[in-house]
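Subject: Structure for you to look at

Hello,

Here is the structure I promised to pass on. Please open it next to this email and follow along.

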Amino acid sequence: VGVNVRRATEAEAVAEALQLHHPDLQASNTRDDPECVRPTPLDVAVDGTRIALSLAPASWAVVSLAPPS
């Protein structure tokens, strides 16, 4: 997935990027296995005003941006 950051001369820095995914779409957290489905770090590339990332099928992702330093 590619995202262009509007109103920026360069993309903000990525403060945090997480993905929630499990290969088994029926997987769920239980009392016996509370960490079965959990957020994992997501690789994000920043190039100028463009942010690129690869998402797993049937996943949720969150990318938090911070101003460039």
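From the N terminus on, the elements of the protein chain run β-β-β-β-β-β. That makes six strands and zero helices. Keep in mind that this is a predicted model.

**The sheet**

Start with the open sheet. It has three strands, in the order β3-β2-β6, and the pairing is antiparallel. Which strands sit at the edges? They are β3 (39-41) and β6 (60-66), and each pairs on one side only. On average, neighbouring strands of this sheet are turned by 25 degrees against each other, direction ignored.

What holds such strands side by side? Strands of a sheet pair through backbone hydrogen bonds, either parallel or antiparallel.

Now look at one pair. Strand β2 covers residues 13-20 and pairs with β3 over three bridges, in the antiparallel sense.

**The core**

Next, the inside. Buried residues make up 13% of the 69 residues in the protein chain. Which residues form the largest nonpolar core? There are five: V5, A17, L42, I51 and L53.

Take A17 from that group. Leave aside its neighbours within four places in sequence, and A17 is in contact with T40, P41, L42, V44, V62 and V63. Note that L42, one of these contacts, is also a member of the core.

N4 lies in strand β1, which spans residues 2-4. Is N4 buried or exposed? N4 counts as exposed, because its relative accessibility is 53% and the cut-off for exposed is over 50%.

N4 still has partners. Not counting residues up to four places away in sequence, N4 touches T49 and R50. N4 and A52 are 48 residues apart in sequence, yet 8.8 Å apart in space, C-alpha to C-alpha.

**The whole chain**

Last, the surface. The protein chain exposes about 5400 Å². Carbon and sulfur atoms supply 51% of that area.

Best wishes

Definitions and conventions:
Residues are numbered from 1 along each chain as its sequence is written. This is a predicted model: local features need pLDDT of at least 70, side-chain atom pairs count only at pLDDT 80 or more; totals for chains, interfaces and linings use all residues. Side-chain values use heavy atoms; hydrogens and water are left out. Two strands pair if DSSP finds at least two bridges between them. Helices (H or I, at least four residues) and strands (E, at least two) are DSSP runs, numbered from the N terminus. Axes are lines fitted to C-alpha atoms, for helices over the stretch in contact, and angles run from 0 to 180 degrees between N-to-C directions. Buried means under 20% relative accessible area, exposed over 50%, partly exposed in between (1.4 Å probe, protein chains only). Contact means heavy atoms within 4.5 Å. Accessible areas come from the Shrake-Rupley method with a 1.4 Å probe; for residues, only the protein chains shown count as cover. A nonpolar core is a set of buried Ala, Val, Leu, Ile, Met, Phe, Trp, Tyr and Cys residues joined through side-chain atoms within 4.5 Å.
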